[in-house]
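Good morning, and thank you for making time for this item.

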Amino acid sequence: MKTLIIAAHPHIDQSTVHKTWLAALRQHPERYTVHELYRTYPDGRIDVAREQAQIEAHDGVVWQFPVYWFNCPPLLKQWFDDVLTYGWAYGSTGKAFAGRKLGIAVSLGAPAADYQHDGDVGHPLPAVLLPFELTARYIGADYRPYYAFHTIDSNAGYDDAAARQVAQSTTDYLAHLAHYYG
């Protein structure tokens, strides 16, 4: 079975990192199904039955998104609210994620040093991402370690060094998926 990558980037055409990651994932259709929420639901109307069927057809799920104000983009939050229903994802009969591998892959627009107790954010990255881990655990998923890339500074421009960083992040992301999702 394959891993479903649920990509939620509201401005994917402007994202060097996420476009590169998704292009690399699409080179392995036997392993990954790429599902872009903003392209699929430009009107914000989520087809719950379709989304639940996609989950059920995959062994693993990765929520891939840029961290916006210490959270996910709004359509992914809506996806959680609409798709993770009582009786399907949680509750006494909600077993859709029971044992299913689930994790997140994120990009952050700030350096890793900002995500330290003495950094600008004032909390380590695992604390910032805790709500996603809690969600995964609450629905009974087999939560996997997150993949995070502290992105290039878009204000500084995209040069050869930035291109190398993005390329390395793509290689690292694919290795992460292979390790944790098989």
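This is a predicted model: local features need pLDDT of at least 70, side-chain atom pairs count only at pLDDT 80 or more; totals for chains, interfaces and linings use all residues.

How many cavities of 30 Å³ or more does a search of the whole structure find? The search finds 1 such cavity.

The largest cavity has a volume of about 40 Å³. Its lining consists of A7, A8, H9, I12, L22, E36 and Y38. Sorted by class, that lining has 5 nonpolar residues, 1 polar and 1 charged. Two of the names, A7 and E36, will return when I come to the strands, where A7 stands opposite E36 in β2.

I turn now to the strands themselves, starting with β1. Strand β1 covers residues 3–7. Is this strand enclosed or open to the outside? It is largely enclosed by the rest of the structure, because 5 of the 5 residues of β1 are buried. The burial holds for both faces: T3, I5 and A7 lie on one side, L4 and I6 on the other, and all of them are buried. As a general point, side chains in a regular strand alternate between the two faces of the sheet.

Setting aside residues up to four places away in sequence, T3 touches R31, Y32, T33, H58, G60, V61, V62 and Y181.

Which strands pair with β1? One partner is β2, which runs parallel to β1 and is joined to it by 5 bridges. Within this pairing, L4 stands opposite T33, and A7 stands opposite E36. From β1 the chain passes through helix α1, residues 16–26, to reach β2, and this β-α-β crossover is right-handed. Another partner is β3, with which β1 pairs in the parallel sense over 5 bridges. Here I6 stands opposite W63 in β3.

Strand β2, residues 32–36, is mostly covered, with 5 of its 5 residues buried.

Next, the pockets. What volume does the second largest pocket hold? About 190 Å³ of space lies in it. The residues that line this pocket are V67, Y68, W69, F70, L108, G109, A110, Y115 and V121. Of these, 8 are nonpolar and 1 is polar, with no charged residue.

W69 sits in the loop between β3, residues 60–66, and α4. Although W69 is not a glycine, its phi is positive, at about 45°. F70 belongs to the loop between β3 and α4 as well. Phi of F70 is near 65°, again a positive value in a residue other than glycine.

How accessible are these two? W69 has a relative accessible area of 78% and is therefore exposed. F70, with a relative accessible area of 41%, is partly exposed.

A89 is placed in the loop between α4, residues 74–83, and β4. Its relative accessible area is 0%, so A89 is buried. Apart from residues up to four places away in sequence, A89 touches L84, G94, F97 and I139. L108, one of the residues lining the second largest pocket, is 19 residues from A89 along the chain, and their C-alpha atoms are separated by 28 Å.

H117 is found in the loop between β4, residues 101–108, and α5, residues 125–128. Is H117 buried or exposed? At 64% relative accessibility it counts as exposed, since exposed requires over 50%. Leaving aside neighbours within four places in sequence, H117 is in contact with G122, H123 and P124.

Thank you for your attention.

Notes
Residues are numbered from 1 along each chain as its sequence is written. Side-chain values use heavy atoms; hydrogens and water are left out. Buried means under 20% relative accessible area, exposed over 50%, partly exposed in between (1.4 Å probe, protein chains only). Helices (H or I, at least four residues) and strands (E, at least two) are DSSP runs, numbered from the N terminus. Two strands pair if DSSP finds at least two bridges between them. A crossover is right-handed if, with the strands pointing away from the viewer, the path from the first strand over the helix to the second runs clockwise. On a 1 Å grid over the protein atoms alone, a cavity is a set of points where a 1.4 Å probe fits but cannot get out, and a pocket is an open set with protein on both sides within 12 Å along at least five of seven lines; lining residues have an atom within 4 Å of a point. Grid points are joined across faces, edges and corners, and a volume is the space filled by probe spheres set on the points. Ala, Val, Leu, Ile, Met, Phe, Trp, Tyr, Cys and Pro count as nonpolar, Asp, Glu, Lys and Arg as charged, and the others, Gly among them, as polar. Contact means heavy atoms within 4.5 Å.
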